[in-house]
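Hi everyone, thanks for coming. Today I'd like to walk you through a model, so let's get it up on the screen.

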Amino acid sequence: MFYYINNFLFYAFVGFIYENILNLITSGRFVDNPFYGPIMPVYGFGICVIIVLIRFVFNRFKIPRFVKWVMLFLSSFFVLSILELIGGLLTEAIFHKSFWNYSSFPLNYGKYISVEISLIWGVLSLFFLYVLRPISDKIVTKIPKWLSIILLILVIIDFIFSFVIKLF
């Protein structure tokens, strides 16, 4: 359980850093984050979904490596796109604001998902599995349980505080 919590926290923070760097490069400003803390939950949830797919689906069967790559790419493409759509709809419903919009992309489906971005999610999933995960597992498995609990409590407080303040 702490493995998933630590991965969620770690990659939600990494996603926050990634989004801000990307936004600084493309628009010269920081991301408009729905939360006060340095966290982008959609990245944390996305990584947890990928880990579950890998552990409980792909690793249970003897699958050739190339087929495993294709299956992971395609499942990440669809599952993470659905997660992004749900996240966009939820944040808009809660905060009455869109925090991302893919309407200008040629292959968009509404404003929250596009084929171009979904392709990036598929590629990043493979990058996570074969490059980042071996490195990040060394970090997240060494985080003490007491620190995980404290960080999780802080994130929950941030979620509650962000929802309450932005709703009123």
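In which helix does Phe-73 lie? Phe-73 lies in helix α3. Before I go on, please keep in mind that this is a predicted model.

Let's stay with Phe-73 for a moment. Leaving out residues up to four places away in sequence, Phe-73 touches Leu-119, Gly-122, Val-123 and Leu-126. If you look for Phe-159 as well, Phe-73 and Phe-159 are 86 residues apart in sequence, and their C-alpha atoms are 31 Å apart in space.

Now to the helices themselves. Two packed helices are described by the angle between their axes and the distance between the axes. For helix α3, residues 65-95, and helix α4, residues 115-140, the axes come within 8 Å and cross at roughly 130 degrees. The crossing of α3 past α4 is right-handed. On the α3 side, the residues making the contact include Trp-69, Leu-72, Phe-73, Phe-77 and Leu-80. On the α4 side, Leu-119, Trp-121, Gly-122, Val-123 and Leu-126 are among them. By residue type, the contact of α3 with α4 divides into 13 nonpolar, five polar and three charged.

Next, the other pair. Helix α1 packs with helix α2, residues 41-56, at an angle of about 135 degrees, and their axes are 7 Å apart. That angle makes α1 oblique to α2. Here too I can give you the handedness: α1 passes α2 in a right-handed crossing. From α1, the contact includes Tyr-3, Tyr-4, Phe-8, Tyr-11 and Tyr-18, while α2 brings in residues including Tyr-43, Phe-45, Ile-47, Ile-51 and Phe-56. This contact of α1 with α2 divides into 14 nonpolar residues, three polar and two charged.

Just after α1 comes Gly-28, with a positive phi of about 80 degrees.

Not counting residues up to four places away in sequence, Asn-6 touches Val-140, Ile-143 and Ser-148.

That's my tour, and I'm happy to take questions.

Notes: Residues are numbered from 1 along each chain as its sequence is written. This is a predicted model: local features need pLDDT of at least 70, side-chain atom pairs count only at pLDDT 80 or more; totals for chains, interfaces and linings use all residues. Side-chain values use heavy atoms; hydrogens and water are left out. Contact means heavy atoms within 4.5 Å. Helices (H or I, at least four residues) and strands (E, at least two) are DSSP runs, numbered from the N terminus. Axes are lines fitted to C-alpha atoms, for helices over the stretch in contact, and angles run from 0 to 180 degrees between N-to-C directions. A crossing is left-handed if the near helix is turned anticlockwise from the far one by less than a right angle, and right-handed if clockwise. Ala, Val, Leu, Ile, Met, Phe, Trp, Tyr, Cys and Pro count as nonpolar, Asp, Glu, Lys and Arg as charged, and the others, Gly among them, as polar. Angles under 35 degrees count as roughly parallel, over 145 as roughly antiparallel, 65 to 115 as roughly perpendicular and the rest as oblique.
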